Amino acid sequence: MDFKRIEWIFLIVFIGINIFLGIEIFQTPTLLSPPASSGTAADLNTEMKADNITLPKLSSEQRDGYYLASKIDDDWNKTARTQLASNFATSFEDNTLNVSLTNPVKVSHDSKKRLAEIKSFVANPKNVFQGKKYHYVTQLSNTADYVFDQESDYGLTYSENARLHIQVKNDQIVSYTQTYIQNLAPVRERQTTLSAKGAIDALYTYSELPNNSKVLWTKFGYSKLIKVRGSIIYIPSWTIAIENNNTKNISIKQVNAFTGKIIQDNTNETENKDVA
Amino acid sequence: MKFNEHTKRIILRVSLIFMVLLSVVLTGIIFGTDAHFSGVEQTASKTTDKQIGEKSLRDIFVPTQLFYYRNDQLYQVYDGNKNLPLEFNRLTEKLDKRNIKTVSQDSKNYKKMLHNQNYLQLTYPDQITMPLFITGLKKSDSREFNRIFVSTKNKTNLYLGNDANQKLYRIKIDDINLNKFVHQVKHASSKIPVSLIHLADGYSVVYEKPTKMQVYNYLTNEESSSYYVNNLLGSGAASQKTTGDSTVYSNGAYQRLIVTNKTHHYEFVDYQENKIPKLMTTRLTDSLYYVRKTGLSEPDLRFFDADDRTFIYQNFVEEYPIFLPGNNTARAQVDFAKNGMSINFNSLDFQIPVPTDDSKVTVESTTEALNELYAAGYHKKTINRIIIGYEIAKETEQTESRDLVELRPAYYAKINGKWRSLKEWLNLSANKKSKYMKEDTNGL
């Protein structure tokens with residue numbers, strides 16, 4: 001009888017021990033599994049999801065680009081004005097050519113047809129100086145203002161210094177403003193840049209992507225970095241449009257595609273401002 | 001009743017035996033996993049965590065110079081618009097696991113290959129290991145190379161050569177089309193006639209005649225010391241002590257960052273990182289991991305030089321490294337040692353290239369430069385390498401935070417493991433010089 005009791009006691013003790021060991025093992029697996037994230041990129045994605053940031057499909061393919069420079073020079077406006085149709089009223093101010101059409105050009109009411117007509121208007125050298133170099137930018141345009149960006153030998157620009165705004169009123173092209181970069185040349189060799197995905201990650205890392213927002217589009221192009229010694233330096237950049245889910249406000253941010261740093265507001269054209 | 005009693009006993013005994021066995025098994029698992037756990041922890045801090053960022057290894061470990069033969073003359077070829085080494089890097093990006101065949105270990109064959117006019121050559125600043133060029137290879141593959149031979153005719157094979165031991169390797173590349181690349185090289189915008197000379201570390205480029213070279217201008221930038229303190233010591237309060245020109249930040253007894261205020265020079269030491277990685281590939285990638293940890297800006301940063309435990313990364317302007325003034329000429333240098341790992345780096349960032357008024361300067365021939373070294377008493381056997389690099393020539397104050405610097409070409413030589421400009425080598429005091437005249441026995 002005594003032996004049986006001892007057996008019972010042992011059984012209970014061992015059940016206790018096993019329960020204890022079981023708990024120990026149950027707790028350790030979290031420590032045991034090797035770090036789940038094999039890449040910080042994956043972490044950023046989940047973090048962004050948790051912050052309720054919606055992203056479009058983004059390419060993670062690296063691109064390439066140059067540091068480009070152009071001498072500050074407004075010679076082009078003289079050539080432009082001699083080439084344009086004689087019935088255009090032109091003025092030049094702030095490196096911007098303002099053109100108003102004394103005889104406005106009629107365009108279709110249908111949006112598709114209208115765009116095609118505006119494009120062919122732009123392509124005619126009598127209408128727009130070097131118009132063939134300008135490419136339509138959907139993201140920046142609306143029904144009254146059709147925006148085109150200049151294409152350089154090294155790729156598209158994304159800059160107020162190389163842009164065409166076609167103003168349309170009552171189905172008529174009434175005027176336009178044009179900026180143009182001439183003699184753009186590389187100052188250094190071709191280099192790899194961030195991918196669209198890399199630019200978004202950089203934006204998020206620098207806390208420039210607010211919670212509860214949606215990335216509408218990303219665009220790769222040359223933007224002004226700094227003015228130095230009579231030249232303007234342009235760098236490849238990612239321009240990113242972000243919509244706030246609550247207020248529906250859209251904000252535009254730019255990332256230096258070489259360094260991943262945020263390009264500060266470009267409107268303030270002081271010579272020595274801190275740049276990315 | 002009796003039968004029931006008997007069954008109960010059997011059940012009791014069986015469950016007791018089962019419980020004893022189960023406890024043995026569970027204890028075994030816990031002991032086993034404990035060992036496993038500590039292993040995981042180690043690898044986690046050693047390798048798994050060492051993220052290298054979006055820029056791939058191949059953007060840092062990149063060939064920097066390109067050569068090809070035309071009418072019996074070797075030319076150094078350059079085309080900034082296309083950046084041919086970058087183009088080659090892209091084309092060979094998909095090179096994965098493949099058989100690397102050793103085709104020769106003979107110096108005569110190697111010489112023949114160097115002078116084979118049917119091959120163009122791409123060179124790395126120093127030897128790298130195979131896994132850094134071909135993905136999917138085992139890290140333990142420690143075969144090294146620094147020269148790639150691309151055939152201009154039969155394009156199914158690529159030869160990799162190691163100047164140091166004169167070994168030649170061959171890999172099949174029938175899935176990569178290099179026709180366009182070869183065409184671009186032949187039509188590149190700039191060609192400088194050169195030849196090769198064998199020095200202690202392998203072949204150096206010889207500019208046989210005085211050569212005109214570009215002057216470059218840069219706007220420089222500098223991150224504050226708090227940026228580096230934060231990156232290396234964390235955001236926790238690091239203790240700080242200033243003596244004279246330098247400030248020492250430390251995080252406990254194991255990590256220390258010394259900032260020399262005037263020279264932009266930083267030295268970071270981590271005494272906890274006291275294990276020298278065994279594999280060369282790991283040392284190369286780990287050194288880059290530490291350099292990236294500092295937060296130095298990277299667009300022009302390239303792998304430059306590796307000795308057994310010392311790894312140097314430099315900023316490059318086009319095909320040439322930029323040397324910084326003073327004693328620490330490297331942008332970043334990682335040293336692995338048994339008593340801790342250290343990084344010496346410089347916060348001066350050549351940030352924005354600025355157009356130059358197309359000025360060029362003439363650099364003397366390499367033969368002349370070498371003769372000056374010989375005349376000063378340096379022996380050919382002690383000269384590891386001689387190259388053209390860029391140095392800061394002029395500094396014009398623009399603003400408080402940003403200077404405009406001019407970079408001019410100059411000869412730099414590595415003698416007995418130490419990099420200095422030709423000028424500095426020639427002006428070294430006799431006492432110091434003698435140290436570098438004898439062959440080094442430490443195997444540098």
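The model is predicted, so local features need pLDDT of at least 70 and side-chain atom pairs count only at pLDDT 80 or more, while totals for chains, interfaces and linings use all residues. Residues are numbered from 1 along each chain as its sequence is written, and chains are lettered from A and ligands numbered from 1 in the order in which they are written.

Chain A contains six helices and 16 strands (DSSP runs numbered from the N terminus, H or I of at least four residues for helices and E of at least two for strands). Of its 276 residues, 30% are buried (20 or more other C-beta atoms within 10 Å of the residue's own, with C-beta atoms placed from the backbone). Among contacts in chain A with a separation of 6 or more, 59% are between residues 24 or more positions apart (a contact requires C-beta atoms, placed from the backbone, within 7 Å).

Chain A is assigned domain 1 (40–68 + 185–263) and domain 2 (74–178), with bounds from an automatic or database domain assignment. Taken over C-alpha atoms, the centres of the two domains are 27 Å apart. Domain 1 of chain A gives 15 residues to the contact and domain 2 of chain A gives ten. On the domain 1 side, β13 (213–228) and β14 (231–244) of chain A are the elements that give two or more residues; the largest share, six residues, comes from β13(A).

In chain B, helix α7 (residues 280–294) has 15 residues and should span 21 Å at 1.5 Å a residue, which agrees with the 22 Å between its end C-alpha atoms (the expected span is 1.5 Å times one less than the number of residues). Twelve of the 15 residues of α7(B) are buried, so this helix is largely enclosed by the rest of the structure. G295(B), with a positive phi near 90°, follows α7(B).

Strand β11 (residues 216–222) of chain B runs antiparallel to β24 (residues 403–415) of chain B, joined by four bridges (pairing requires at least two DSSP bridges). Within this pair, N217(B) is opposite E406(B). β11(B) also pairs in the antiparallel sense with β21 (residues 348–354) of chain B, over six bridges, and N221(B) has D349(B) as its bridge partner there.

The largest nonpolar core has 63 residues, and A199(A), I233(A) and A413(B) have the most contacts inside it (a core is a set of buried Ala, Val, Leu, Ile, Met, Phe, Trp, Tyr and Cys residues joined through C-beta atoms within 7 Å). β24(B) supplies the largest share of this core, seven residues. A second, separate core of 36 residues includes Y124(B), L233(B), V259(B) and F268(B).

Methods
Contact = placed C-beta atoms within 7 Å.
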